[in-house]
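Please look over the model below with these notes beside it.

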Amino acid sequence: LGADAMQGLGAITVIAYWQMTYGSGLAGQWWYMLIPFTGMVVAFLGWGICRVRETRAMTLGQLIEMRYSKRLRILCGTLCYVSGIVNMGIFPAASAGFFVTFCGLPTHVSVLGFQMSTMVLTMLVLEGAAVCLALWGGQVSIVVTDFFQSVFVNLVFVLIMFALYRMVTWDQLASAYLSQPNGEGMINPFYQGKTGDFNKWFFMMWMFMAFYNVVSWAPNTSMISSTRTAHEARMMRFLLSVKNFATMGMGIWLLPLGAYVLLHHLQFADQAQAINGTLSQFANDQMRSQMTTPAAVVHILPMGLLGALAALMLFASVTTDDTYLLTWGGMLVQDVIIPLRGKPLSPKQHIN
């Protein structure tokens, strides 16, 4: 449960959630409650999980070969591998952008007399750590380290919740939202048509994905295959959805609401000016939108919790990346290279 929770809690996931919640407000939170509830239903029904475990297939490509043909397995394995790597394209940049913004790092540093982008160096460190974890111990090291990280993350969730409730009141929250032209749509879930991209149809698609991604999303398949029985896999996914539902009003998930208050309530005009100054260094509108909450968090949390949040985001970045890199690499070997080769690889060849 802890490991599965961490493989889905990437730094990019947190940043995307912050961006979504900042743009959709309390109404978005209301609609998002349906997502973990849908996950509970999916797990309770055993949708996909039980059938996949019965086949004893370790990858989606292997299941496709059982049902159809080897050539289709190779085609689907190639598509999944390429799309997985392309999907990873934005992960390192968004994660590195968070640390540069959150820690107030300079945009460029001098290395051996050459000016290098701080974001590039940060990306190299984060991805290097993920690659090392994936290679040194494979799925076992990832599951174990993910579990211990999840224990720390849950504690930070609770501490951030209390800090945020002391910083921002509900009256300030309501006042900040209602002062905006689309404020009603950000509070009333049935006026979601006024909130642009993050409306009710966005969340409806997310609910559909809860069914579709059970086995079609390779990192989920790897976690489902890691349990001893299909029942354990079902309970893991069910309890994970319960945990996600319970923690919606806790910790980092509330930070974008506090960020919105800081940027739109007159009482926090000084903080808003400082936040806008930080965001002005990003020329790209999408990057500026992603970094809004990270820039505001510095003015919300006390010093100790700022360090805890930085550690949380570091864990979230590495733990998702190592899971995904191992998954896509394993899919390339299992569903493309070995079928094309026509005979198994030795363990050493497999790792290489």
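1. Trp 18 has a relative accessibility of 0%, so it counts as buried. The cut-offs for burial are under 20% relative accessible area for buried, over 50% for exposed and partly exposed in between, with a 1.4 Å probe and protein chains only. Phe 98 is also at 0% and therefore counts as buried. This is a predicted model, in which local features need pLDDT of at least 70 and side-chain atom pairs count only at pLDDT 80 or more, while totals for chains, interfaces and linings use all residues. Residues are numbered from 1 along each chain as its sequence is written, and side-chain values use heavy atoms, leaving out hydrogens and water.

2. The whole structure holds 13 aromatic pairs. Trp 18 and Phe 98 form a tilted pair, because their ring centres are 6.2 Å apart and their planes lie at 50°. Trp 18 sits in helix α2 (residues 11-32) and Phe 98 in helix α7 (residues 91-102), so the pair ties together parts 80 residues apart in sequence. Rings of Phe, Tyr and Trp (its six-membered ring) pair if their centres lie within 6.5 Å; planes under 30 degrees apart are stacked, over 60 edge-to-face and the rest tilted. Helices (H or I, at least four residues) are DSSP runs, numbered from the N terminus.

3. Phe 208 and Tyr 212 make a stacked pair, because the centres are 5.9 Å apart and the planes are at 20°. They are four residues apart in helix α11 (residues 200-216), which means a separation of about one helical turn. Both Phe 208 and Tyr 212 are exposed. Ring pairs also link Tyr 17, Tyr 32, Phe 202, Phe 203 and Trp 206 into a cluster.

4. How many cavities of 30 Å³ or more are there? The count comes to one. The largest cavity has about 40 Å³ of space. Its lining is Val 52, Ala 57, Thr 59, Leu 60, Leu 63, Val 215 and Thr 221. By class, that lining has five nonpolar, two polar and no charged residues. On a 1 Å grid over the protein atoms alone, a cavity is a set of points where a 1.4 Å probe fits but cannot get out; a pocket is an open set with protein on both sides within 12 Å along at least five of seven lines; lining residues have an atom within 4 Å of a point. Grid points are joined across faces, edges and corners, and a volume is the space filled by probe spheres set on the points.

5. The second largest pocket has a volume of about 800 Å³. It is lined by 27 residues, and the closest to its centre are Leu 326, Thr 327, Gly 329, Gly 330 and His 350. At least two lining residues come from each of α8 (118-167), α12 (218-226), α18 (303-341) and α19 (347-351). The largest share, 11 residues, is from α18. The lining divides into 13 nonpolar, 14 polar and no charged residues. Here Ala, Val, Leu, Ile, Met, Phe, Trp, Tyr, Cys and Pro count as nonpolar, Asp, Glu, Lys and Arg as charged, and the others, Gly among them, as polar.

6. Helix α13 (residues 230-246) has 17 residues and should span 24 Å at 1.5 Å a residue; its end C-alpha atoms are 24 Å apart, which agrees. The expected span is 1.5 Å times one less than the number of residues. Buried in α13 are Ala 233, Met 236, Arg 237, Leu 240 and Ser 241. They cover an arc of only 130° around the axis, so they lie on the same side of α13. The arc is that of the directions from the helix axis to the C-beta atoms. The face turned away from the buried side carries the exposed His 231 and Ala 246.

7. In helix α15 (residues 269-279), the buried residues are Ala 272, Ile 275 and Leu 279. Their arc is only 65° around the axis, so they lie on the same side of α15. Exposed Asp 270 and Gln 273 are on the face turned away from that buried side.

8. Ser 83 lies in helix α6 (residues 70-87). Its C-alpha atom is 9.3 Å from that of Trp 328, 245 residues apart along the chain. Tyr 165 belongs to helix α8. Tyr 165 and Gly 258 are 93 residues apart in sequence and 9.1 Å apart in space, C-alpha to C-alpha.
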